[in-house]
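Hi,

Here is the structure I promised to pass on to you. Have a look at it first, and then read on for what turned up.

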Amino acid sequence: MNIDFPPPSKGTYNNAGSSRRLANYLEHEDMERMEQGIYTEGFFNLTDDNIYKSQVIKDIDSNIGQLLKTDAKFYAIHISPSEKELRAMGNTEQEQAEAMKRYIREVFIPEYAKNFNKGLSEADIKFYGKIHFDRSRSDNELNMHCHLIVSRKDQANKKKLSPLTNHKNTKNGVITGGFDRVNLFQQAEQGFDKLFSYNRQLSESFEYANTMKNSSITEQLELQEQNFTCEKKKEI
């Protein structure tokens, strides 16, 4: 499972103004699929499906109390299962899409809320999701993934919530709470495995990828040896 937060930019991911440009972009796949008579998915949130784009834009753009003109108003999140994970989510695109919405609602958003350490639940997070089925730069057979637009402010339009902050569970000072992205990735992965009874191999875990990218050579070799031992045991 690959989860990432596209950095704000001056283009599609410019989050200092309206969410209109990003919402428009998220619908780009629909027209092509509808022309071909292929199944499409509308926007969704915690409780509803097939939400109009105009409602998404209005809801996100109006939830900006006490934010300055240059402040981030929303954040984008990409959630992309591997081909192997997608096969565990269903046999058809529609089954996989329903499974993805369930995962977002029951696992990802609850973990996202808890990770701010402000006593928040999934009901406090204002977000809209859009599922895409194709990825032009990929040769994979299955490419379903999900884009989220998440408001900077909570549902009550009172608390500022930034998943890009460098503060982690701070208890003193101007900023309290913070956000630990590594913890989110780990909890979201564990939640996926539990929800879909997925038997994750060490080599496809976030821990493995993170160690190979950020840890010392010694730690990388130790984890590679651990993975090799696990694979050998399965062959016996």
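This is a predicted model: local features need pLDDT of at least 70, side-chain atom pairs count only at pLDDT 80 or more; totals for chains, interfaces and linings use all residues.

The side chain of Glu111 meets that of Lys114 in a salt bridge, with 3.4 Å from N to O. Lys114 is partly exposed, at 49% relative accessibility. Both residues belong to helix 5, where they sit 3 residues apart, about one turn of the helix.

Helix 5 (residues 93–114) holds another pair, Glu98 and Lys101, which are also 3 residues apart and so separated by about one helical turn. They form a salt bridge whose closest N and O atoms are 3.1 Å apart. Here Lys101 is buried, with a relative accessibility of 1%, while Glu98 is partly exposed at 38%. Glu98 and Lys101 also take part in a network of salt bridges that links them with Glu41, Asp49 and Arg105.

Over the whole structure, the search finds 17 salt bridges. One of them joins the side chains of Glu27 and Lys53, at 3.4 Å from N to O. Glu27 lies in the loop between helix 1 and helix 2 (28–35) and Lys53 in helix 3, so this pair ties together parts that are 26 residues apart in sequence. Glu27 is partly exposed at 27% relative accessibility, and Lys53 is partly exposed too, with a relative accessible area of 23%.

Now to helix 3 itself. Which residues of helix 3 are buried? In this helix (residues 53–62), they are Val56, Ile57 and Ile60. Seen down the helix axis, the buried residues fall within an arc of 95°, so they line one face of helix 3. They pack against helix 1 (20–26), strand 2 (74–80), strand 3 (127–132) and strand 4 (145–151). The face turned away from this buried side carries Ser54 and Lys58, which are exposed.

Best wishes

How values were computed:
Residues are numbered from 1 along each chain as its sequence is written. Side-chain values use heavy atoms; hydrogens and water are left out. Buried means under 20% relative accessible area, exposed over 50%, partly exposed in between (1.4 Å probe, protein chains only). Helices (H or I, at least four residues) and strands (E, at least two) are DSSP runs, numbered from the N terminus. The arc is that of the directions from the helix axis to the C-beta atoms. Contact means heavy atoms within 4.5 Å. A salt bridge is a side-chain nitrogen of Lys or Arg within 4 Å of a carboxyl oxygen of Asp or Glu.
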